[in-house]
Amino acid sequence: MHSTSDCLAAVWLLYHVVIKNKSAARELVEGGLNSRRTFIPWESCIPRKYENLNSRVKRAQDIAKKHNESVVMALDLIDYDPKLEKAFQLVFEGILICDTITCAKDVVYDSHVKLRTVTVRGDDLKPTGTMSGGAVDRSKSPLLVDLEPYMGYKKELIEKKLLWKNLRVKDLIRFEPLHRLYNEKKDCLERANGRLQTIRENLKNSPMQKLLDEIAIIEQELPECDNILKNSALQMKDLNEKIKQYEERKKNEKAFQVNIV
């Protein structure tokens, strides 16, 4: 609703480019631009200070109530990055937005207000007595007017987020018993793991564990012992065969000696 009034409040400043400093602007200009641009150096961006601004706005709001209307600061209608606050203050600080031109006249010319006022339909009134507007050239497509669809999407997004939050709360309430049971079982498991770890630590230095360690060492030595036994058995077999051969030869020699006699 206030996009038209905000565009008129910003006027030509709306299309200026905020940069870091004058040196950066000079480099951009010397580098060549496709079209004319006006830069606002951030370092020299100093918003105008208004004396007793809060009391003047309060006075304007009191006047608007007599017309059954409301008055707001243009700056309060805009969402912006806090890092760019100086630039937005330079454009919108000290500008009031109201509904009708009748209310705007009473506000802007009041001796205790004297602040520029813009109506929602585009009337632009200044304390100096200058008044313009009443219609907007839509063919120029002001920047904030172009942002109207975005603001609609943003509002819809907020509504969807709220709906999602409500659904999530309902799901949390519905699954709360399961969640509580899960946490209980998880705690039991953690305690059991803790006890198991303690038992394992205690077993490391127990006589039983020492015996198990010795058994493990013996089991590691068993294959080597088996190989030794196998080799010994083979050697024993060879020796037995040699003994038999020797005994046979001895018997044969005795028999030969008897025959000779």
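Me: In which helix is the place of Met208?

Reply: Met208 has its place in helix 9, where a helix is a DSSP run of H or I with at least four residues, a strand is a run of E with at least two, and both are numbered from the N terminus. Please keep in mind that this is a predicted model, in which local features need pLDDT of at least 70, side-chain atom pairs count only at pLDDT 80 or more, and totals for chains, interfaces and linings use all residues. Residues are numbered from 1 along each chain as its sequence is written, and side-chain values use heavy atoms, with hydrogens and water left out.

Me: What makes the nonpolar surface patch, and which helices supply at least two residues of it?

Reply: The patch is made by Ile199, Leu203, Met208, Leu211, Leu212 and Ile215, with an area of about 550 Å². Patch residues must have over 30% relative accessible area and no salt bridge, and nonpolar side chains (Val, Leu, Ile, Met, Phe, Trp, Tyr) are joined within 5 Å, while like charges are joined within 9 Å. The areas come from the Shrake-Rupley method with a 1.4 Å probe, and for residues only the protein chains shown count as cover. Helix 8 (176-204) and helix 9 (207-260) each supply at least two residues, and helix 9 gives the largest share, four residues.

Me: What makes a group of residues a nonpolar core, and how many residues has the largest one?

Reply: A nonpolar core is a set of buried Ala, Val, Leu, Ile, Met, Phe, Trp, Tyr and Cys residues joined through side-chain atoms within 4.5 Å. The largest one has 16 residues, and those with the most contacts inside it are Ala60, Val71, Leu96, Val107 and Val113. The elements that give two or more residues to this core are helix 3 (53-66), strand 4 (95-98) and helix 5 (101-108), and helix 3 gives the most, with five residues. Apart from this core lies another, of eight residues, among them Ala74, Val91, Phe92 and Val118.

Me: Which residues does Val107 touch?

Reply: A contact means heavy atoms within 4.5 Å. Not counting residues up to four places away in sequence, Val107 touches Ala60, Ile63, Val71, Leu96, Val113, Lys114 and Thr117.

Me: How do you know that Lys58 and Asp62 meet in a salt bridge?

Reply: A salt bridge needs a side-chain nitrogen of Lys or Arg within 4 Å of a carboxyl oxygen of Asp or Glu. For Lys58 and Asp62 the N to O distance is 3.2 Å, so this pair meets the rule. Both residues lie in helix 3, four residues apart, about one turn of the helix. Lys58 is partly exposed because its relative accessible area is 44%, and Asp62 also counts as partly exposed, at 28%.

Me: Why are strand 3 and strand 7 called edge strands?

Reply: Two strands pair if DSSP finds at least two bridges between them. The open sheet has five strands in the order 3-4-5-6-7, with mixed pairing, and strand 3 (72-73) and strand 7 (131-132) are its edge strands, each pairing on one side only. Strand 3 and strand 4 pair in the antiparallel sense over two bridges, and Val72 has Ile97 in strand 4 as its bridge partner.

Me: What is the phi of Asn68, and where is Asn68 found?

Reply: Most residues other than glycine have a negative phi. Asn68, although not a glycine, has a positive phi of about 55°, and Asn68 is found in the loop between helix 3 and strand 3. Asn68 counts as exposed because its relative accessibility is 74%.

How values were computed
Buried means under 20% relative accessible area, exposed over 50%, partly exposed in between (1.4 Å probe, protein chains only).
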